[in-house]
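Biologist: I would like a close look at one part of this model, with the rest of the chain described around it. Please give the cut-off for each term when it comes up.

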Amino acid sequence: AESLGLDLDQLHADADAQSTVDFIKQQALKGKAAGVNHTPWFVIGGKSVLPRSLEQFDKAIQTALQEAQ
């Protein structure tokens, strides 16, 4: 973070803020309710996918784009 020029004091304050903790808990609950049981987890075009390569990831995106037309 420091090499990116970020304010480390602000970064730590934001990471420790209750609003950050609450947001992470809320997102975790939403994920659990949607059936997410591991990370990373991708949803493309409303479908859960687990691409094992960049090519599979690209194919899933292209398929979703075609289906959306």
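Which does leucine 65 count as, buried or partly exposed?

Modeller: Leucine 65 counts as partly exposed, because its relative accessibility is 48%. On this scale buried means under 20% relative accessible area, exposed means over 50%, and partly exposed is in between, with a 1.4 Å probe and protein chains only. The model is predicted, so local features need pLDDT of at least 70 and side-chain atom pairs count only at pLDDT 80 or more, while totals for chains, interfaces and linings use all residues. Residues are numbered from 1 along each chain as its sequence is written, and side-chain values use heavy atoms, with hydrogens and water left out.

Leucine 65 lies in helix α3. Helices (H or I, at least four residues) and strands (E, at least two) are DSSP runs numbered from the N terminus. Along the chain, leucine 65 is 21 residues from isoleucine 44, and their C-alpha atoms are separated by 9.3 Å.

Another residue of interest is glutamate 67, which forms a salt bridge with lysine 47. A salt bridge here is a side-chain nitrogen of Lys or Arg within 4 Å of a carboxyl oxygen of Asp or Glu, and in this pair the closest N and O atoms are 3.1 Å apart. The pair links distant parts of the chain: glutamate 67 belongs to helix α3 (residues 54-68) and lysine 47 to strand β2 (residues 47-49), 20 residues apart. Side chains of opposite charge can pair when their charged atoms come close. Glutamate 67 counts as exposed because its relative accessibility is 51%, whereas lysine 47, with a relative accessible area of 45%, is partly exposed. The structure holds one salt bridge.

Between β2 and α3 there is a loop, and arginine 52 is found in it. With 71% relative accessibility, arginine 52 counts as exposed. Arginine 52 and glutamine 27 are 25 residues apart in sequence, and their C-alpha atoms are 24 Å apart in space.

Now the surroundings. The protein chain has three helices and two strands, and from the N terminus on they run α-α-β-β-α. The loop between α2 (18-33) and β1 (42-44) contains proline 40. A cis peptide bond joins threonine 39 to proline 40, with omega about -5 degrees. As background, most peptide bonds are trans.

Finally, the overall form. Of the 69 residues of the protein chain, 7% count as buried. The radius of gyration is 17 Å, while a compact globule of 69 residues would have one near 11 Å. That radius is taken over C-alpha atoms, and the globule rule is 2.2 Å times the number of residues to the power 0.38. Along the principal axes, the C-alpha atoms fill a box of roughly 45 × 30 × 25 Å.
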